[in-house]
Amino acid sequence: MERDLIIPTSSQMASSSPDTPCSCDCFVSVPPASAIPAVIFAKNSDRPRDEVQEVVFIPAGTHTPGSRLQCTYIEVEQVWKTHAVILSRPSWLWGAEMGANEHGVCIGNEAVWTKEPVGEGEALLGMDLLRLALERSGTAQEAVHVIAGLLERYGQGGSCREDPVPFCYHNTFLLADRTEAWVLETAGRLWAAQRIQGGARNISNQLSIGADISAEHPELRSHAKAQGWWTGQGPFNFAEVFSLAQQPVRMEAAKARFRAGCELLQQQQGSITAEGMMGILRNRESGICMDSGGFRTTASMVSVLPQDPTKPCVHFLTATPDPSRSVFKPFIFEVGVAQAPQVLSPTFGAQDPVRILPRFQTRVDRRHLLYRGHQAALELMEDKQDQRKQIRQKQQSLEQEGLEVLRGLLTGDQTLPPQGLGSLFQAFVEKEHQAYA
């Protein structure tokens with residue numbers, strides 16, 4: 001793809017202060033909370049407002065034993081076989097904010113700050129850990145162990161935004177597959193995990209695992225005791241022990257979103273659907289659909305993972321900001337699946353600001369074709385009421401078409417051949433792009 005103009009960074013163009021609220025929200029519904037026999041996963045990715053997310057398909061692959069893999073900042077040892085993945089990722093980095101693999105494993109990550117110090121040294125980003133887990137895991141539980149192993153070997157760290165001023169954090173993850181979900185929360189190399197075999201759960205930029213711990217780092221409790229955070233007596237509550245006494249502004253704001261997310265899930269308990277999850281991601285009143293200062297919801301995802309292994313998993317991705325004015329488009333791992341070029345950002349090779357040391361001294365235009373079309377459509381929607389109505393109707397009609405495909409697949413009425421299912425996302429991206437033309 002042709003490169004765009006490289007623009008010098010200035011203080012006016014830099015991303016907002018680290019004290020600006022930065023947020024994400026992940027949700028999962030496991031039967032009997034779901035209206036259908038399926039696990040339903042959802043995430044809003046809230047990032048610096050001008051950051052572009054691309055949707056990238058990476059096919060399965062085999063690799064030379066002992067070969068090295070370049071992630072965002074560091075290299076890791078490659079495994080001999082990796083699974084096919086679909087990723088929604090900030091286009092400047094290697095990892096992803098959310099994604100799924102061909103086996104129906106979905107993962108979303110969140111920023112978190114704990115009593116464990118966050119260093120600025122470069123290691124694996126949480127987003128790198130997410131992609132590595134998707135490429136290497138066949139189940140959500142296996143993904144938990146993959147991330148734990150990578151944390152132990154390589155650690156987590158490095159700036160998580162495209163800006164010369166570092167913005168660093170540790171990570172929590174929501175992981176799901178066709179049968180269950182897991183919450184994995186980290187503090188440096190330490191971690192605790194909770195298994196969810198039924199009901200609904202959400203996470204929002206804070207530690208949420210209490211005493212109900214299903215798996216943990218072997219030194220978690222001894223470290224907490226050595227630091228004086230836990231006496232060693234009574235129940236061990238991970239969130240209480242490792243959370244900061246004085247929370248950053250961004251984490252205080254997350255508490256309200258977490259409570260609102262719990263309430264929205266509770267209101268739909270037993271009847272949660274893909275449309276219901278999309279509605280939660282579009283909820284502005286709660287702040288879950290975010291547009292605040294230098295941050296906003298830059299991409300969204302909802303996945304339906306049927307418990308019946310003969311039915312395909314369907315992953316809906318926006319590839320554009322603001323889910324309340326975006327289209328969730330269906331992606332299915334099937335014959336003929338390929339990259340949709342309209343949602344792939346331009347590349348800059350060795351001249352990319354993330355590759356030149358010191359990093360991020362210049363800015364580049366990473367907007368992909370669909371992002372540009374959507375951006376122009378949003379400007380029309382804000383300026384002209386008649387255009388707003390027409391564009392929104394087109395978006396809603398296209399999204400309903402995708403949901404009809406989902407319903408047909410779940411009921412067995414869908415007659416598209418495997419090749420048609422594999423090219424479904426590409427077809428919907430083209431339709432959306434034409435709607436904005």
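Colleague: How many cavities of 30 Å³ or more does the structure hold?

Modeller: On a 1 Å grid over the protein atoms alone, a cavity is a set of points where a 1.4 Å probe fits but cannot get out, and lining residues have an atom within 4 Å of a point. Grid points are joined across faces, edges and corners, and a volume is the space filled by probe spheres set on the points. The structure holds 1 such cavity of 30 Å³ or more, and the volume of the largest cavity is about 40 Å³. This is a predicted model, in which local features need pLDDT of at least 70 and side-chain atom pairs count only at pLDDT 80 or more, while totals for chains, interfaces and linings use all residues. Residues are numbered from 1 along each chain as its sequence is written, and side-chain values use heavy atoms, with hydrogens and water left out.

Colleague: Which residues lie nearest the centre of the largest cavity?

Modeller: Its lining has 10 residues, and Cys 24, Arg 47, Glu 97, Ala 111 and Tyr 169 lie nearest the centre. Helices (H or I, at least four residues) and strands (E, at least two) are DSSP runs, numbered from the N terminus. Strand E3 (38-48) and strand E11 (106-112) are the elements that give two or more residues to this lining; E11 gives the most, with 3 residues.

Colleague: Which residues touch the most other members of the largest nonpolar core?

Modeller: In soluble globular proteins, nonpolar side chains tend to be buried together. A nonpolar core is a set of buried Ala, Val, Leu, Ile, Met, Phe, Trp, Tyr and Cys residues joined through side-chain atoms within 4.5 Å; buried means under 20% relative accessible area, exposed over 50%, and partly exposed in between (1.4 Å probe, protein chains only). The largest core here has 128 residues, of which Leu 175, Phe 242 and Val 302 touch the most other members. Helix H2 (residues 140-154) gives the most to this core, with 9 residues. With contact meaning heavy atoms within 4.5 Å, and neighbours within four places in sequence left aside, the partners of Val 302 include Ile 40, Phe 41, Met 277, Leu 281 and Phe 328.

Colleague: Where do cis peptide bonds occur?

Modeller: Most residues other than glycine have a negative phi, and most peptide bonds are trans. Pro 31 and Pro 32 are joined by a cis bond with omega of about 15°, and Leu 357 and Pro 358 by another with omega of about -10°. Pro 32 is in the loop between strand E2 (24-30) and E3. Beyond four places in sequence, Gly 270 is in contact with Pro 32, Ala 33, Ser 34 and Ala 35. Gly 270 itself belongs to the loop between helix H5 (249-267) and helix H6 (274-281), and is partly exposed at 38% relative accessibility.

Colleague: Is Asn 205, with its positive phi, buried or exposed?

Modeller: Asn 205 has a phi of about 55° although it is not a glycine, and it is buried, with a relative accessible area of 1%. Asp 322 likewise has a positive phi, about 60°, and is buried at 6%.

Colleague: How many disulfides does the structure hold?

Modeller: A disulfide is a pair of cysteine sulfur atoms within 2.5 Å. The structure holds 0; for Cys 262, the nearest cysteine sulfur, that of Cys 26, is 13 Å away.

Note on methods
On a 1 Å grid over the protein atoms alone, a cavity is a set of points where a 1.4 Å probe fits but cannot get out, and a pocket is an open set with protein on both sides within 12 Å along at least five of seven lines; lining residues have an atom within 4 Å of a point.
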